Amino acid sequence: MVENGSENESQQEEHKEEALTRVTGMYKDWFLDYASYVILERAVPAIEDGFKPVQRRIMHALKELDDGRYNKVANVVGHTMQYHPHGDASIADAMVQLGQKDLLIDTQGNWGNILTGDGAAAPRYIEARLSKFALEVVFSPKITEWQLSYDGRKKEPVSLPVKFPLLLAQGAEGIAVGLSTKVLPHNFNELIDASVNHLRGKRFTLYPDFPTAGIIDITNYSDGVRGGKVRVRARISQEDKSTLKISEIPYGTNTSSLIDSILKANDKGKIKIKKIEDNTAAEVEILVHLPSGISPDKTIDALYAFTACETSISPLGCVIEDNKPLFLGVSEMLRRSTDHTVEMLRAELEIQLGELEEQWHFASLERIFIEKRIYRDIEEEETWEGVLRAIDKGLKPHTKHLKREVTEEDIIRLTEIRIKRISRFDLDKAQQHLESLEGRIEETRHHLKHLVEYAIEYFKELKKKYGKGRERNSEIRIFDEIEATKVVIRNTKLYVNREEGFVGTSLRRDEYVTDCSDIDDIVVFTQQGEMMVTKVDSKTFVGKNIIHVAVFKKKDKRTTYNMIYKDGRGGGSYVKRFHVSSITRDRLYDLTSGKGGSQVLYFSANPNGEAEVVSVHLRQKGGIKKLKWDLDFADVMIKGRNARGNVVTKYAVKRIELKEKGLSTLKPRKIWFDDTVQRLNVDERGELLGEFTSEDRLLIITQKGELKTPIPELTMHFDGDMIVLEKWNPNKPITAIYWEGEKELFYVKRFLIENPDKEENILTYHPKTYLEKIFTDYRPVAEIVFAKKRGKERKPNEEVDLADFISVKGITAMGNQLTREKVLEINSLEPLPYEEPTQMDTRDMEVVDEENIIPAASQESKKGDAPGSGPANTGQPTLF
């Protein structure tokens, strides 16, 4: 009994050991299986046809259901579930995304809106069918490779024989396990042109084109490979001085998310808006209303800097080839797709050639069978084998010209010809049919022999049939860099406690300095001759006895600091002038020689580089003969902030007084217009507009006849229909030739701008009125080319000196009729010579690059405007 018990226990232990399963390595294997499944069967498209599996199965189901009429999407989803082992919701979502691309599926009903982000109606309410493009390009059952569906009941395509770079046209995005893909959509017509160039051995370049349009910067696109980037901006225009209009949005956003980002930026104080109206329907229209006093140009830049009006998209070209993920650029994707299309065309032509040759073979046999009356040879045959032998024997003398041997199947087909067909056989029609087949065979062979040329014509035909209305949506442009600190709204106030050495936005009981934003830097100077630049915060300790604090501008070569300081205890005094353009934040800089007891005796910050005159008073001591003299800062060279400076005196200074305010030493700055980015600059990029002082203005005229003369700012935006941009000369008349819609005649007007602060339209308000020519020369000349009258010779061209033709009148005057004759065209000729008045030579003035010139007079008028502002913050000198 004991032995039996021990045996049972040992058997139970053995069974337990057998039941245990080692899990080592299982997670690794299962995880790899799962990851491979997600990558291959769900998230990443195939290079051959550009479809993910669910998309391919949807297209296959649509083809099976296709009868030319619309099908309920719910019905298509149900049909697709025979091939796709997932839920109906995922299939419906994938189908809606395909339909919204407006290429393969012809939709009916509410399929949502990619502009507003509205979703589609339920699948039972919307309908779909294959588009004509899809029927022609995507399907070809004879060259399709098939496989069993997941349950083995149906056959589905391994890949569809797509004869077009569909992946690049639609784009694709998917996140798998440890892998993702993001292929951006490209323009339909540009893809075809690139395919043709590839077949011709020419170079091509592809850039994205988004259905939401917008403006794109493809400088760093890098062919769509990993590490590339595309910057996308909304199209924002200025409706009037207080209204901005957003008419196109960045790809990946919608009007709802865009408006939310604008409202968040407004709540954070980055921008300042009054209200937003969303009037989007078939096209985007978002109106942003601004409060009075807010610059529209700066607000546009701020929208790009702080909202979703500018986004950055990082492409990642990943596809499936031979059941493996492959990283490719878009150019290589197009090459492979085009080469694949050529092979598909070859396969179709070879199948077509075989079918045509079979048709020709049987048509020839049928003609011999009927024309030679071979069917009579079978009348006396009693067996089936005898019938076949008789037909074969009768055909042999007449089959030498055939391209292959006559088979038993051919003879059986001949026996199936009906008596009715034999009795109505027309020899001429049969010959015509054979000649037609021979012509088609020869044409097919020619296409196979010249396959590349055939493929080029195929692509051209696609563009001709389906390319209309698929022009580029997104405008390609190089973006300028927007500095956030220059466009942010100053949403808080800066205060200073000079004695204790604190600055910040929470010191409301202390001295007010200026308005600022929470992303600004501030520069602080102390009486000990120390300087620090730090970020705006609620409360920051800098150093006791602050003498000057202001918002710091990076790379500022305009503001000049004038300083006189005592070099240590009992030391002499020195004078220096310097800029502060580049610094390390939160680092304390010593502007003196570093000796203990150094102290600033005089300090001023000059926004326009002013150089004042001061009186230096010395203490009475010993035999000092001269106790007072004047010092002109204009005689002191501007050097680096670390320079020691020039000696003022070795004796003790009693006080320093301001004797004479300085004048600006800045020369008018040169401004260029860069047509590539449509912005002004001072970096010598683009066309030179001229040298501008603070009072000079630009002259801007658009094709709509709108005219304005703004003061140039580097943040300005320009309309796309601008036809004149130059430095405005108030004394130079402007001449315009325009078609007056009501009179139906050309008129000439010549005028001076009387109110430069007012934006005006120089045309009449008739809807058919348009601007023909605009001249900004003193003595412009126009050439009139007259239309030819029926039965008469054309009137000779006429040259018109417009300065003599009409005198200068008001801007609202209609002007004079140019001619009553019918005009073919009006050309601009070289203007007549005119000696312009000479202007003051500015070569001897100091040149400083600056962004905004503030005249000295206006600067003086602004001093002390802010309540509680000290003289050290407004350019006034600080005396000790």
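At 22% relative accessibility, W739 counts as partly exposed, a class that lies between buried (under 20% relative accessible area) and exposed (over 50%), as computed with a 1.4 Å probe on protein chains only. Y770 is likewise partly exposed, at 36% relative accessibility. The model in which these residues are found is predicted, so that local features need a pLDDT of at least 70 and side-chain atom pairs count only at pLDDT 80 or more, while totals for chains, interfaces and linings use all residues. Residues are numbered from 1 along each chain as its sequence is written, and side-chain values use heavy atoms, with hydrogens and water left out.

The secondary structure of the protein comes to 19 helices and 48 strands, where helices (H or I, at least four residues) and strands (E, at least two) are DSSP runs numbered from the N terminus. The radius of gyration, taken over C-alpha atoms, is 42 Å, well over the 29 Å that the globule rule gives for 880 residues, so the protein is more spread out than a compact globule; the rule itself is 2.2 Å times the number of residues to the power 0.38. Along its principal axes the C-alpha trace spans about 155 × 135 × 45 Å, and buried residues make up 46% of the 880 residues.

Aromatic rings were examined next. Rings of Phe, Tyr and Trp (its six-membered ring) pair if their centres lie within 6.5 Å, and planes under 30 degrees apart count as stacked, over 60 as edge-to-face and the rest as tilted. By this rule the count comes to 19 aromatic pairs. One of them is the stacked pair of F210 and Y251, with 4.5 Å centre to centre and 10° between the planes. This pair links distant parts of the chain, 41 residues apart, since F210 lies in the loop between helix 8 (188-199) and strand 8 (215-217) and Y251 in the loop between strand 11 (243-248) and helix 9 (255-267). F210 is buried, with a relative accessible area of 0%, whereas Y251, at 24%, counts as partly exposed. The rings of W739 and Y770 have their centres 6.4 Å apart and their planes at 20°, so this pair too is stacked. Because W739 lies in strand 40 (residues 734-740) and Y770 in strand 43 (residues 770-775), the pair ties together parts that are 31 residues apart in sequence.

Strands 40 and 43 also run antiparallel and are joined by 5 bridges, two strands being paired if DSSP finds at least two bridges between them. Within this pairing, T735 has F775 in strand 43 as its bridge partner. Both strands belong to an open sheet of 4 strands, in the order 43-40-41-46, with antiparallel pairing. Strand 43 and strand 46 (816-819) stand at the edges, each with a single partner strand, so one side of each is left without a neighbour in the sheet.

A further antiparallel pair is formed by strand 4 (residues 145-148) and strand 5 (residues 155-159), which 4 bridges join. The bridge partner of W146 in strand 5 is P157. In the hairpin of these strands, which has 6 residues between them, G152 takes a positive phi near 80°.

Helix 3 (residues 53-65) is mostly covered, as 11 of its 13 residues are buried, including P53, V54 and L65.
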